[in-house]
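Subject: Structure for your review

Dear colleague,

Please find the structure below, together with its sequence. My notes on it follow.

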Amino acid sequence: MIAILFGPPGCGKGTQASIIAKDINIPHLSTGDMLREAVKSKTETGLKAANIMEEGKLVSDEIVINIIKDRICHNDCEKGFILDGFPRTLSQAKELDVMLSKENMKVDLVVDFSVNDEALISRIEGRFSCGDCGLGYNDHTKLPLKEGFCDECGSNNFIRRKDDNRETVSKRLEAYYKDTLPILPYYKEKHVLNSIDGLGDIDSVTTELMSLIKK
Ligand code: AMP
């Protein structure tokens, strides 16, 4: 199963991708996570991407395509993977198809998460995660069960993304509407596109997503 979770920043696709990937035991590939890792480790790619990400702009197609190309040839991707945050431009979508066709693979499912902008901004401003195990939380919808400690690993090291502030979020939304949303007709034509309401609670969105994946 090769599935793309598609939608604006804050729509919940990252949360759902990690739940679904664990559930069906295939990797969750988030270009945003991979780029943040590269920035943290100060690799050549990370150094090129850091400022662009902080400004809420898109990193070049060449950089993200190479990241995905290097990742999907690993053995753990043989049975498929869930893409989150890629593709974000039509060139990335087309290049992904070229890469997959060389392996006799194709995109099986694209799920578009619909959410309105105000809900997105409030969600993004509220989100934080455990700096040790990566579990995600939100001030408005999902606080740790025991205040100050991660539910998963007990750590008290919580972090917020640098680009999760109102000003950068507006830029990220702008990039989404300008460069990413226009990809949808490409997948519609291929009859792989489905839409779900991203505003539901986490469990009901997961149920809806699972039913699409099992179809
Ligand atoms: P995300 O975690 O998916 O919100 O991504 C964070 C940031 O990483 C984005 O605002 C972009 O600067 C960059 N990024 C992630 N994925 C891509 C992509 N497919 N194309 C271009 N830039 C990306």
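Two strands are taken to pair if DSSP finds at least two bridges between them; helices (H or I, at least four residues) and strands (E, at least two) are DSSP runs, numbered from the N terminus. This is a predicted model, in which local features need pLDDT of at least 70 and side-chain atom pairs count only at pLDDT 80 or more, whereas totals for chains, interfaces and linings use all residues. Residues are numbered from 1 along each chain as its sequence is written, and side-chain values use heavy atoms, with hydrogens and water left out.

The sheet

An open sheet is formed by 5 strands in the order E2-E3-E1-E4-E8, with parallel pairing. Strand E2 (28–30) and strand E8 (193–197) stand at its edges; each has a single partner strand, so one side of each is left without a neighbour in the sheet. On average, neighbouring strands are turned by 25° against each other, direction ignored. For this and the helix angles below, axes are lines fitted to C-alpha atoms, for helices over the stretch in contact, and angles run from 0 to 180 degrees between N-to-C directions.

E2 pairs with strand E3 (residues 81–84) in the parallel sense over 3 bridges, and His 28 stands opposite Ile 82 in E3. Helix H1 (residues 13–24) touches strand E1 (2–6), E2, E3 and strand E4 (109–114), and its direction makes about 175° with that of E3. Helix H9 (residues 202–214) touches E1, E4 and E8, and its direction makes about 165° with that of E8.

The ligand

Around the ligand there are 16 residues, of which Thr 31, Lys 57, Gly 85, Arg 88 and Gln 92 come nearest; a residue is included if one of its heavy atoms lies within 4 Å of the molecule. A polar contact is a pair of N or O atoms within 3.5 Å; within protein, one must be able to donate a hydrogen and the other to accept it, and residues adjacent in sequence count only if both atoms are side-chain atoms. A polar side-chain atom of Thr 31 lies 2.8 Å from a nitrogen atom of the ligand. A polar backbone atom of Lys 57 is 2.6 Å from an oxygen atom of the ligand, and an N or O atom in the side chain of Arg 161 is 3.1 Å from an oxygen atom of the ligand.

Backbone geometry

Most residues other than glycine have a negative phi, and most peptide bonds are trans. Phe 86 and Pro 87, however, are joined by a cis peptide bond with omega of about 0°, and Pro 87 is placed in the loop between E3 and helix H5 (90–102). Asn 25, in the loop between H1 and E2, has a positive phi of about 60°. Asn 104, in the loop between H5 and E4, has a positive phi of about 55°. Accessibility is classed as buried under 20% relative accessible area, exposed over 50% and partly exposed in between (1.4 Å probe, protein chains only). Asn 25 is exposed at 70%, and Asn 104 is exposed at 76%.

Cysteines

A search of the whole structure finds 0 disulfides, a disulfide being a pair of cysteine sulfur atoms within 2.5 Å. For Cys 77, the nearest cysteine sulfur is that of Cys 73, 8.1 Å away; Cys 77 is buried, with a relative accessible area of 1%. For Cys 133, the nearest cysteine sulfur is that of Cys 150, 3.6 Å away; Cys 133 is partly exposed, at 37%.

Yours sincerely

Conventions: Contact means heavy atoms within 4.5 Å.
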